[in-house]
Amino acid sequence: METLMGLFADDAVYHVGGSGGLAGDKQGKQAIMAYFGELFTLSGGTAKVELQDVIAGNRHTVSVQTAEAQRNGKSMQQNGVLVFTLRDGKVTEVREFQEDTAKATDFWS
């Protein structure tokens, strides 16, 4: 967790799309880490992400990934994209885009 926290600027913002309970902006490193912890807790530790590809630039990096998890007898697997904004070697903003936002909202609600 310490390594992960070190990647983010103190004032970083993580944007989660959709309308479910996990949607919205996570302001600051602590809120971002709490979001990751909530995904882990809600999935009983089954949430995992497999990185498919990375496109890197000076100000932005894009990751293509496949996420999967089990929860309440249901399972979900879908592709997603994260767009990272970088400043001074730190992540300052992340925008999370799911393949099917409605499916993710239903699964995590």
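## The model and its confidence

The structure described here is a predicted model. Its chain averages a pLDDT of 94, and 100% of the residues score at least 70. Among the elements of the chain, the highest mean pLDDT, 97, belongs to β4, while the lowest, 88, belongs to α1.

## D53 in strand β3

The residue of the opening question, D53, lies in strand β3. Once its neighbours within four places in sequence are left aside, D53 is in contact with V62, S63 and V64. T105 stands 52 residues from D53 along the chain, and the C-alpha atoms of these two residues are separated by 24 Å.

In soluble globular proteins, nonpolar side chains tend to be buried together. In this model the largest nonpolar core has 18 residues, and those with the most contacts inside it are F8, Y14, I32, Y35, V94 and W108. At least two residues of this core come from each of β1 (8–16), α2 (29–42), β5 (74–87), β6 (90–98) and α3 (101–108).

One of the residues with the most contacts inside the core, V94, can be followed through its contacts in the chain. Not counting residues up to four places away in sequence, V94 touches F8, V13, Y14 and H15, and also L82, V83 and F84.

## The largest pocket

Rolling a probe the size of a water molecule over the atoms shows where empty space is left. The largest pocket of this model holds about 890 Å³ of space, and of the 40 residues that line this pocket, the closest to its centre are Y14, V49, Q65, L82 and E96.

The lining of the largest pocket draws at least two residues from each of α1 (2–7), β1, α2, β3 (48–56), β4 (60–71), β5, β6 and α3, and β4 gives the most, with six residues. By type, the lining residues divide into 25 nonpolar, twelve polar and three charged.

Leaving out residues up to four places away in sequence, Q65 touches V49, E50, L51 and Q52, together with Q78, N79, G80 and L82.

M76 has its place in strand β5, and M76 is buried, with a relative accessible area of 5%. Apart from its neighbours within four places in sequence, M76 is in contact with A67, E68 and A69, and also with K103, A104, F107 and W108. The C-alpha atoms of M76 and W108 are separated by 9.7 Å, although the two residues are 32 residues apart along the chain.

T85 likewise has its place in strand β5, and at 11% relative accessibility T85 counts as buried. Not counting residues up to four places away in sequence, T85 touches R59, H60, K90, V91, T92 and E93.

## Loop residues

Which residue lies in the loop between β2 (24–27) and α2? G28 lies there, and G28 is buried, with a relative accessible area of 11%. When its neighbours within four places in sequence are left aside, G28 is in contact with D10 and A12; D10 is 18 residues from G28 along the chain, and their C-alpha atoms are separated by 5.7 Å.

Most residues other than glycine have a negative phi. Phi of N72, however, is near 50°, a positive value in a residue other than glycine. N72 is placed in the loop between β4 and β5 and counts as exposed at 65% relative accessibility. D88, which is not a glycine either, has a positive phi of about 55°. D88 is found in the loop between β5 and β6, where D88 is exposed, with a relative accessible area of 76%.

Technical notes
Residues are numbered from 1 along each chain as its sequence is written. This is a predicted model: local features need pLDDT of at least 70, side-chain atom pairs count only at pLDDT 80 or more; totals for chains, interfaces and linings use all residues. Side-chain values use heavy atoms; hydrogens and water are left out. A nonpolar core is a set of buried Ala, Val, Leu, Ile, Met, Phe, Trp, Tyr and Cys residues joined through side-chain atoms within 4.5 Å. Buried means under 20% relative accessible area, exposed over 50%, partly exposed in between (1.4 Å probe, protein chains only). Helices (H or I, at least four residues) and strands (E, at least two) are DSSP runs, numbered from the N terminus. Contact means heavy atoms within 4.5 Å. On a 1 Å grid over the protein atoms alone, a cavity is a set of points where a 1.4 Å probe fits but cannot get out, and a pocket is an open set with protein on both sides within 12 Å along at least five of seven lines; lining residues have an atom within 4 Å of a point. Grid points are joined across faces, edges and corners, and a volume is the space filled by probe spheres set on the points. Ala, Val, Leu, Ile, Met, Phe, Trp, Tyr, Cys and Pro count as nonpolar, Asp, Glu, Lys and Arg as charged, and the others, Gly among them, as polar. pLDDT is the predictor's confidence in each residue, from 0 to 100.
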